[in-house]
Amino acid sequence: MPASYKQRYYTPAEVGQHCSSKDLWVSFLGKVYNLTPLAEKYAGSILLKPILSAAGKDISHWFLVNGTNVNPVKLPSSLSSIPACTNSQSNISQSSSSDALSPKLADKEKSDFDPQIRTHIDAKTGCEVPHTPQGRFIHIPPAYPSASWANDFGTPWWKDESYCIGHLSSKTRKIRIINTLTSQEHTIEVCGEETLEEILNRFYKYNQHAASYTWKYNGLNLEMTKSLEQNGVKDEDEDFYELNFNEEDWLPAIHIYFNDDLTEA
């Protein structure tokens with residue numbers, strides 16, 4: 001695999017392999033984050049526990065979707081007449097970071113991606129506060145005013161794009177790759193958004209000379225800058241499910257033909 005290659009998409013299975021305090025990934029809202037540096041920084045903190053418990057998993061349910069709670073937590077009827085207030089601590093770190101945005105954060109603010117933690121109405125105060133049934137975690141303020149709370153940490157980790165390493169695939173699929181030179185066959189899971197060049201990079205773990213092969217499907221050369229779908233390799237697993245077929249028996253087969261050239265290894 002070229003040293004300069006940077007993977008764009010990840011499968012849930014790939015994220016799931018990184019599930020320890022020493023190697024901690026999570027995904028949310030379609031992106032993948034390597035939180036290992038965060039775990040190292042806050043090692044031993046009780047506030048790290050919910051994140052450790054979620055290591056290797058998708059935590060999209062922690063966040064608002066399109067500005068709306070996934071499962072809104074409604075104000076109890078007894079408090080329905082109390083106007084919602086703003087917890088001075090829930091405006092996380094804005095007082096410390098809004099005066100001088102870094103260029104990286106400024107660019108972030110211009111984007112459409114702005115993850116927000118789910119909220120609910122506190123039954124005691126009637127205030128809108130972060131909803132963390134899994135337990136309060138790093139950069140979330142306490143429910144009530146506390147002298148120990150410091151919001152000088154800068155950007156909350158879920159808004160810090162330096163932790164983002166790529167995108168979570170919205171749809172993965174399996175394909176067979178058959179080496180016509182050696183007759184070896186491998187079944188691999190790939191991301192539907194990936195181009196054949198990116199799939200080739202996945203295949204390097206099985207064949208270090210993968211770039212020295214011509215890739216074909218149904219006898220036609222594949223365009224390596226296009227995805228499987230764009231090359232006419234249909235993803236029919238939903239059809240197989242409806243027909244009660246075993247998908248594993250009908251995986252599309254990509255044949256690779258050796259070019260007698262190892263210079264691209």
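Arg8 counts as partly exposed, at 38% relative accessibility (buried means under 20% relative accessible area, exposed over 50%, partly exposed in between; 1.4 Å probe, protein chains only). The side chain of Arg8 meets that of Glu198 in a salt bridge, at 2.6 Å from N to O (a side-chain nitrogen of Lys or Arg within 4 Å of a carboxyl oxygen of Asp or Glu). This is a predicted model: local features need pLDDT of at least 70, side-chain atom pairs count only at pLDDT 80 or more, and totals for chains, interfaces and linings use all residues. Residues are numbered from 1 along each chain as its sequence is written, and side-chain values use heavy atoms, with hydrogens and water left out.

**Whole chain**
- The chain has seven helices and 13 strands (DSSP runs numbered from the N terminus: helices are H or I, at least four residues; strands are E, at least two).
- Of its 265 residues, 41% count as buried.

**Salt bridges**
- The whole structure holds 10 salt bridges.
- Glu198 and Arg8 link distant parts of the chain, 190 residues apart. Glu198 sits in helix α6 (residues 196-203), and Arg8 in the segment before β1.
- Glu198 counts as buried, at 7% relative accessibility.
- Glu161 and Lys31 also meet through their side chains, at 3.0 Å from N to O. This pair spans 130 residues, from the loop between β7 and β8 to strand β4.
- Lys31 is buried at 14% relative accessible area, whereas Glu161 is partly exposed at 23%.
- Lys226 pairs with Glu223, with the closest N and O atoms 3.4 Å apart. Lys226 is partly exposed at 31%, and Glu223 is partly exposed at 42%.
- Glu14, Glu194 and Arg202 are linked in a salt-bridge network.

**Sheet**
- Five strands form an open sheet of mixed pairing, in the order β1-β8-β4-β3-β2 (two strands pair if DSSP finds at least two bridges between them).
- β1 (9-10) and β2 (19-20) stand at the edges with a single partner strand each, so one side of each has no neighbour in the sheet.
- β3 (residues 23-28) and β4 (residues 31-34) run antiparallel and are joined by four bridges. Trp25 has Asn34 in β4 as its bridge partner.

**His139**
- His139 lies in the loop between β7 (127-130) and β8 (164-168). His139 is buried, with a relative accessible area of 9%.
- The side chain of His139 reaches the backbone nitrogen of Trp157 at 3.0 Å.

Conventions
A polar contact is a pair of N or O atoms within 3.5 Å; within protein, one must be able to donate a hydrogen and the other to accept it, and residues adjacent in sequence count only if both atoms are side-chain atoms.
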